[in-house]
Amino acid sequence: MPKQLSNEQRREILKLRALDYTKEEIADAVGVSRNTVSRHLTDMRKEIESRDPDNQRMALAEILFEPEELLPFVLEQSGMAFSDLSDEFLKKFMSPDSNED
């Protein structure tokens, strides 16, 4: 049975691969076999490729970041501040016709 990796290990594998670590170096750093690294890189690639092209970056970000880190990352990439989003959401939420949808 293949070894199950934690989300933290999956993120570490992907981050190290992005930094041009070899599969062997990644295996040593994460504490798993080279085959496990190879299999999980393939699985993650398939997971990302299964999304339509417009959502592939988001799929990658979902693997790389903890849920609480994801929103700040997306906002940073869009050039929007969290306070801007909060104000916009609050305005929409508090609007009288926001509950009609």
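From the N terminus on, the elements of the protein run α-α-α-α-α-α. The protein thus displayed has six helices and zero strands; helices (H or I, at least four residues) and strands (E, at least two) are DSSP runs, numbered from the N terminus. The model is predicted: local features need pLDDT of at least 70, side-chain atom pairs count only at pLDDT 80 or more, and totals for chains, interfaces and linings use all residues. Residues are numbered from 1 along each chain as its sequence is written, and side-chain values use heavy atoms, with hydrogens and water left out.

Colour the whole chain by accessibility. Of the 101 residues in the protein, 23% are buried; buried means under 20% relative accessible area, exposed over 50%, and partly exposed in between (1.4 Å probe, protein chains only). Among contacts with a separation of 6 or more, 39% are between residues 24 or more positions apart, where contact means heavy atoms within 4.5 Å.

**Helix H2**

Select residues 23-30, which form helix H2; Ile-26, Ala-27 and Val-30 are buried there. Seen down the axis of H2, these buried residues fall within an arc of 100°, so they line one face of the helix; the arc is that of the directions from the helix axis to the C-beta atoms. What lies on the face turned away from the buried side of H2? The exposed residues Asp-28 and Ala-29 are found there. The cover over the buried residues of H2 includes H1 and H3. Step on to Gly-31, which follows H2 and has a positive phi, near 85°.

Two packed helices are described by the angle between their axes and the distance between the axes. Axes are lines fitted to C-alpha atoms, for helices over the stretch in contact, and angles run from 0 to 180 degrees between N-to-C directions. Angles under 35 degrees count as roughly parallel, over 145 as roughly antiparallel, 65 to 115 as roughly perpendicular and the rest as oblique.

The axes of H2 and H3 come within 8 Å and cross at roughly 105°; the two helices are therefore roughly perpendicular to each other. Show Lys-23, Glu-24, Ile-26 and Ala-27 in H2, which meet Arg-34, Val-37, Ser-38 and Leu-41 in H3. By class, this contact of H2 with H3 has four nonpolar, one polar and three charged residues. Ala, Val, Leu, Ile, Met, Phe, Trp, Tyr, Cys and Pro count as nonpolar, Asp, Glu, Lys and Arg as charged, and the others, Gly among them, as polar.

**H1 against H3**

Next, select helix H1 (residues 7-18) and helix H3 (residues 34-49), whose axes come within 10 Å and cross at roughly 90°. That makes H1 roughly perpendicular to H3. Arg-10, Ile-13, Leu-14 and Arg-17 in H1 meet Val-37, His-40, Leu-41, Met-44 and Glu-47 in H3.

**H3 against H4**

H3 and H4 pack at an angle of about 140°, with their axes 8 Å apart, and are therefore oblique to each other. Display Met-44, Glu-47, Ile-48 and Glu-49 of H3 with Gln-56, Ala-59, Leu-60 and Ile-63 of H4, which make the contact.

**Glu-66**

Finish at Glu-66, in the loop between helix H4 (56-64) and helix H5 (67-78). Glu-66 is partly exposed, with a relative accessible area of 28%. Its C-alpha atom is separated by 8.4 Å from that of Asn-7, 59 residues apart along the chain.
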